[in-house]
Amino acid sequence: MVKFVLNNKPIRSDDPPATLLLDLIRYREHLTGTKIGCREGDCGACTVLIGARKDDRIVYQSATSCLTAIGNVHNKHVVTIEGLNPDESEKLNFLQQAICDEGASQCGFCTPGFLVSMTGFSLGNKAPTRAAAIAAVDGNICRCTGYKSIERALEKLATLLSARTSADALEFAIANKIIPSYFSDIPRRLAELALEANGVLHGPETPAREKALCDGPTSSEPEAAKPIFLGGGTDLYVQQPEKMVQSDPAFLNIDPTGQQITESSGELRIGGAVTVTQLLESPLIRRAFPHFAHYAKLISSTPIRNIATLAGNFVNASPIGDLSIFFLALDARLTLSDGSTRRTLPLNKFFRGYKTLDKRPAEYIESVNIPQPQRDTRFNFEKVSKRTYLDIASVNTAIQLTVDGGTIVQARLSAGGVGPIPLYLQKTAQLLEMRQPTAALASEAIAMALTEISPISDVRGTAEYKRLLLGQLIKAHFITLFHHLPEEEFL
């Protein structure tokens with residue numbers, strides 16, 4: 001049985017844990033404010049808030065319910081647009097009134113999703129700036145308003161939040177009519193839920209996982225014998241929705257260590273179930289990669305980043321997986337587990353061929369280890385897509401260099417979209433080592449990289465265009481990491 005609180009109502013569902021949250025909300029609970037749009041996590045019409053206990057408080061994040069299994073909201077608080085309606089004495093809450101005052105709703109189909117995302121921003125700890133408020137709705141699409149009226153409503157919210165002096169965002173939101181008063185009792189109710197038995201949910205170490213399907217491509221073992229390991233579901237529910245809702249997955253986020261980021265002995269250990277947002281908010285990651293916030297904005301939208309996991313990005317095996325490319329340049333090592341035994345594997349050995357992995361069916365990615373970057377380490381990530389944000393890459397690439405006295409002593413370079421797998425460009429990396437960075441060296445690196453790739457023409461560009469893109473992005477690496485080099489030398 002899956003247990004959670006939906007708005008102000010306790011839910012105990014006997015539906016399969018892989019059932020989509022969107023379907024339960026609309027077809028079991030008949031809450032139709034949460035809309036069905038793309039069912040791929042792109043439009044934001046189905047956005048809900050998911051609140052989870054962290055220490056002595058509840059942390060709320062926006063999420064796309066069309067890609068969220070109800071098993072992933074076990075013991076949590078789910079909030080739909082209906083759950084934001086004010087107490088009986090009020091007509092509209094603060095955000096609903098702001099939307100009305102600014103004419104920020106026309107056909108209205110997208111409005112519930114926007115309001116839910118705005119509420120999530122109200123309950124978070126981001127700086128109350130106009131830019132941060134607008135970023136909070138980056139996963140919501142409107143085809144009527146042109147967004148300016150929505151931005152004005154967001155400005156009103158940012159102005160209100162700038163007056164917040166209390167560290168308790170929940171208390172402030174209730175006092176200022178952003179959310180109804182029942183939210184104040186949610187911490188107690190979730191604590192009581194957590195004391196109950198977990199029911200039928202199981203994690204990756206549970207033998208019941210052997211009954212289900214396979215999470216991504218691995219071997220030729222018969223499909224029925226392959227288990228499925230579910231992180232955020234942002235790829236699986238797009239690629240195989242019918243199979244997923246009938247499966248009995250092992251939920252990776254049941255084990256709390258799977259969502260931890262720690263450091264020890266000169267390495268960072270990242271749990272396989274860590275989300276992109278958790279990477280973004282981790283002090284350890286921010287210290288190691290000061291520009292990670294910029295890189296992360298190139299990876300999907302806020303609601304997807306809130307649920308998409310590191311292991312899921314790797315196991316999806318997309319040749320243009322952003323995190324795969326990012327971590328290939330970091331000398332990442334995977335710890336694979338089948339629940340009883342473990343083995344380690346370099347990430348650059350994990351991808352065997354198109355959608356083929358060095359992963360046995362019963363294995364899942366338990367953790368990812370990377371060497372802690374040092375003072376003389378330089379890193380950069382580049383991505384080109386048809387849209388700057390919220391789009392799949394045409395070509396992406398990452399580079400990590402160790403520089404000593406003006407000489408590149410160690411290099412790692414990766415590229416996506418230019419081969420059947422996420423590529424580690426070993427020959428090009430070796431060419432860079434023990435050389436001084438110059439525009440001429442960049443040209444040599446480009447020439448070598450072009451011998452290591454095999455792009456194809458597809459909807460994201462021709463093979464020749466992708467070759468050109470990779471060359472330009474290698475130049476961008478040099479310009480970004482070596483500011484003393486004149487840009488005109490790269491033209």
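User: Which strands do the buried residues of helix 7 pack against?

Analyst: They pack against strand 1 (2–6), strand 2 (9–13), strand 3 (47–54), strand 4 (57–64) and strand 5 (77–79). Keep in mind that this is a predicted model.

User: Which residues of helix 7 are buried?

Analyst: Buried means under 20% relative accessible area. In helix 7 (residues 186–195), that applies to Ile186, Arg189, Leu190 and Leu193. Look down the helix axis: these buried residues fall within an arc of 95°, so they line one face of helix 7.

User: How should I read a nonpolar core?

Analyst: Start with the general idea. In soluble globular proteins, nonpolar side chains tend to be buried together. Here the largest nonpolar core has 88 residues. Phe314, Phe327 and Phe350 touch the most other members. Another core, of 40 residues, lies apart from it; Phe121, Val137, Leu160 and Leu193 are among its residues.

User: What is phenylalanine 350 in contact with, leaving aside its neighbours within four places in sequence?

Analyst: Its contacts include Phe314, Val315, Leu334, Leu336 and Leu345. Thr356, Asp358 and Lys359 are also among them.

User: What is the strand order in the open sheet of four strands?

Analyst: The order is 15-16-17-18, with antiparallel pairing. Strand 15 (377–384) and strand 18 (423–424) are at the edges; each has a single partner strand, so one side of each has no neighbour in the sheet.

User: How many bridges join strand 17 and strand 18?

Analyst: Two, in the antiparallel sense. Alanine 415 stands opposite leucine 423 in strand 18.

User: Which helix packs on this sheet?

Analyst: Helix 18 (residues 463–481) does, touching strand 15, strand 16 (395–404) and strand 17. The direction of helix 18 makes about 145° with that of strand 15.

Technical notes. Residues numbered from 1 in each chain as written. Predicted model: local features only at pLDDT ≥ 70, side-chain atom pairs only at ≥ 80, totals over all residues. Heavy atoms only, no water. Core = buried A, V, L, I, M, F, W, Y, C linked by side-chain atoms within 4.5 Å. Buried < 20%, exposed > 50% of the residue type's maximum accessible area, 1.4 Å probe, protein only. Contact = heavy atoms within 4.5 Å. Arc of directions from axis to C-beta. Pairing = 2+ DSSP bridges. Axes fitted to C-alpha atoms, helices over the stretch in contact; angles between N-to-C directions.
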